[in-house]
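Here are some notes for a colleague who is opening this structure for the first time. Please keep the model in view while reading them.

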Amino acid sequence: MSTGPSTPDAPGTGPGRRPGLRERQKMRTRNAIREAALHLIAEHGYAKTTVEQIAEAAGVSHMTFFRYFPTKEQVVVGGEHFEAEARAIVESMPRGLGHFDLIRRLFTELDRLTADDPWVGNPLRMQLIRSEPLLQKTFHVEVERTMAGMRQLLADYLGRDADDFALGVFLDAVAGVTFRLAAQAEESSTQPQIETTLRAIDLLEQGLPLD
C-alpha cells in the first residue's frame, strides 16, 4: 500500500502541466473578478453588490463577468474547475488501482495543484458563505453536484455502476472525514494538511482500528 504522491508528469503534459499564456490570462481575469467580488460583498453586503459593480472593480465588462461566472453567487461559491482537474488526474493514472490507492493519489495530486491557490480555503470567502443564506444554499448544491461528478468519475475508472451501493458508502465515508478535517482546519484558521487526510484514509482502509 502506497500513500506517496504519484510520479510527476513530464513538463507540458498531464494534470501537472504548466499553463500556457492564454490560460494564465484567464486565471488572472478570474482571480481579479473573485477578489473584487469578495471585497465589495464584504463591504456592502451580498444583496447590495451588483454584477456591474464587481465587473467595474475587476476592470472587465459585465459580459466578460458572465463568460467566467454564470451567476453572482457562483463567483464566490464556484468550484467549476475541480471536476475538470479531478478528471484529468484520474485519466492520467495507470489502470488497475484499487479504490483506496485511487482516492489517495487523486487527493495528493489535487493538493499539489491547489497548493498555491489563495482562493482555496480563503477565510473571507468561507465567512461570506456561512453568513449569506443564498451563498450557503448554493454552496451545498455545488457540493452535491461535485460529489455526484466524483462518484461517476470513480465509477468509470473502477468499472462499476455509479449507483453501486458499496461505492456510494466508500465515497460518503471519505467525504465525511474530509469535510470534518476541513472544518477543523477552518476553525483553527489553518489549511487542511494532506498528510492528515491520507492518514484518515489509511485508517478507513484498515477498518478503523483504535490502537
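1. The chain has a mean pLDDT of 84, with 85% of its residues at 70 or more. Helix 2 has the highest confidence, at 96, and helix 7 the lowest, at a mean of 82.

2. The pLDDT falls below 50 over residues 1-16. In the model this stretch still makes 26 contacts beyond near neighbours in sequence. Where pLDDT is low, the predicted coordinates should not be read in detail.

3. Helix 1 covers residues 21-44, which is 24 residues.

4. Which residues of helix 1 are buried? They are Thr-29, Arg-30, Ile-33, Arg-34, Ala-36, Ala-37, Leu-38, Leu-40 and Ile-41. In an α-helix there are 3.6 residues a turn, so residues three or four places apart point the same way. The packing partners of the buried residues of helix 1 are helix 2 (51-58), helix 3 (62-68), helix 4 (72-77) and helix 7 (123-131).

5. Thr-108 belongs to helix 6, residues 99-114. Is Thr-108 buried or exposed? Its relative accessible area is 10%, under the 20% cut-off, so Thr-108 counts as buried. The side chain of Thr-108 reaches the backbone oxygen of Arg-104 at 2.8 Å.

Terms used:
Residues are numbered from 1 along each chain as its sequence is written. This is a predicted model: local features need pLDDT of at least 70, side-chain atom pairs count only at pLDDT 80 or more; totals for chains, interfaces and linings use all residues. Side-chain values use heavy atoms; hydrogens and water are left out. Helices (H or I, at least four residues) and strands (E, at least two) are DSSP runs, numbered from the N terminus. The expected span of a helix is 1.5 Å times one less than its number of residues. Buried means under 20% relative accessible area, exposed over 50%, partly exposed in between (1.4 Å probe, protein chains only). Contact means heavy atoms within 4.5 Å. pLDDT is the predictor's confidence in each residue, from 0 to 100. A polar contact is a pair of N or O atoms within 3.5 Å; within protein, one must be able to donate a hydrogen and the other to accept it, and residues adjacent in sequence count only if both atoms are side-chain atoms.
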